[in-house]
Structure formats: structure tokens, C-alpha cells
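Good morning, and thank you for coming.

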Amino acid sequence: MNEKSYTELTKLSAMKKHKANETYVKELYIDMLLVEIQWNLEKASLMTQIDHAIDERNEAEFIRLSKQYTKLCKRFDN
């Protein structure tokens with residue numbers, strides 16, 4: 001018979017819960033990292049475009065891009 005004691009079963013259950021929590025934290029960290037990468041890429045792109053609009057003295061494009069930047073900041077809570 002390969003029956004496990006109550007203590008062994010309790011330990012296994014605790015280990016499974018710990019493993020599930022560990023996995024959740026790792027997935028959360030990865031998600032946060034990907035969001036940060038997305039934010040940085042979109043921000044850099046918009047800043048480059050805004051700088052170009054300023055250099056070209058294109059006020060309409062500057063205003064449009066500035067509004068996009070504001071929306072981006074709100075979307076990422078920055």
C-alpha cells in the first residue's frame with residue numbers, strides 16, 4: 001500500500017499552494033515588465049514624432065501628437 005500520512009498530504013498541499021503562488025507572482029512580474037516595455041516604446045516613438053513636429057514647426061501635428069501622448073499617459077497611469 002502506498003498511502004500517505006495526513007502530515008505528508010498536508011505538506012504536499014502546502015507545497016502545491018506555494019508553487020501556485022510562485023507561478024502567479026512570476027506571471028505578474030512578466031506582465032508588469034511587458035507593460036513597461038510597451039510604455040517605453042510608445043513614449044519614445046511619440047517623443048521622436050513630437051520633436052520632429054517641433055523642428056518642422058508643424059503646430060497641427062504637434063497638437064495631435066501631444067494629445068496622443070496625454071492619452072498614452074492616462075492609459076498607463078503616468
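A search of the whole structure finds 2 salt bridges. By a salt bridge I mean a side-chain nitrogen of Lys or Arg within 4 Å of a carboxyl oxygen of Asp or Glu. As background, side chains of opposite charge can pair when their charged atoms come close.

Before the details, a word on the source: this is a predicted model, in which local features need pLDDT of at least 70 and side-chain atom pairs count only at pLDDT 80 or more, while totals for chains, interfaces and linings use all residues. Residues are numbered from 1 along each chain as its sequence is written, and side-chain values use heavy atoms, with hydrogens and water left out.

Let us take the salt bridges in turn. One joins the side chains of Glu 42 and Arg 75, at 2.9 Å from N to O. Glu 42 lies in helix H1 and Arg 75 in helix H2, so this pair ties together parts that are 33 residues apart in sequence. Helices here are DSSP runs of H or I with at least four residues, numbered from the N terminus. Is Glu 42 buried, partly exposed or exposed? At 26% relative accessibility, Glu 42 counts as partly exposed. On this scale, buried means under 20% relative accessible area, exposed means over 50%, and partly exposed is in between, with a 1.4 Å probe and protein chains only.

The other salt bridge is formed by Glu 61 and Arg 64, whose closest N and O atoms are 2.6 Å apart. These two residues are 3 residues apart in helix H2, which means that about one helical turn separates them. Glu 61 is partly exposed, with a relative accessible area of 26%, and Arg 64 is also partly exposed, at 39%.

Which residues make up the largest nonpolar core? There are 8 in all: Trp 39, Leu 46, Ile 50, Ala 53, Leu 65, Leu 72, Cys 73 and Phe 76. H1 and H2 each supply at least two residues of this core, and H1 gives the most, with 4 residues. A nonpolar core is a set of buried Ala, Val, Leu, Ile, Met, Phe, Trp, Tyr and Cys residues joined through side-chain atoms within 4.5 Å. In soluble globular proteins, nonpolar side chains tend to be buried together.

Leu 72 touches Trp 39, Glu 42, Lys 43 and Leu 46, not counting residues up to four places away in sequence; contact here means heavy atoms within 4.5 Å. Cys 73 lies in helix H2 and counts as buried, at 12% relative accessibility. Cys 73 and Ala 44 are 29 residues apart in sequence, and their C-alpha atoms are 12 Å apart in space.

How many aromatic pairs does a search of the whole structure find? The search finds 1. The rings of Trp 39 and Phe 76 have their centres 5.7 Å apart and their planes at 50°, so the pair is tilted. Under the rule used, rings of Phe, Tyr and Trp (its six-membered ring) pair if their centres lie within 6.5 Å; planes under 30 degrees apart count as stacked, over 60 as edge-to-face, and the rest as tilted. This pair links distant parts of the chain, with Trp 39 in helix H1 and Phe 76 in the segment after helix H2 (59-75), 37 residues apart. Trp 39 is buried, with a relative accessible area of 10%, and Phe 76 is buried too, at 16%.

Leu 41 is in helix H1, which covers residues 6-55, and it counts as exposed at 59% relative accessibility. Lys 19 is also found in helix H1 and is exposed, with a relative accessible area of 54%. Lys 19 and Ile 37 are 18 residues apart in sequence and 27 Å apart in space, C-alpha to C-alpha.

Most residues other than glycine have a negative phi. Arg 57, although not a glycine, has a positive phi of about 55°. At 77% relative accessibility, Arg 57 counts as exposed.
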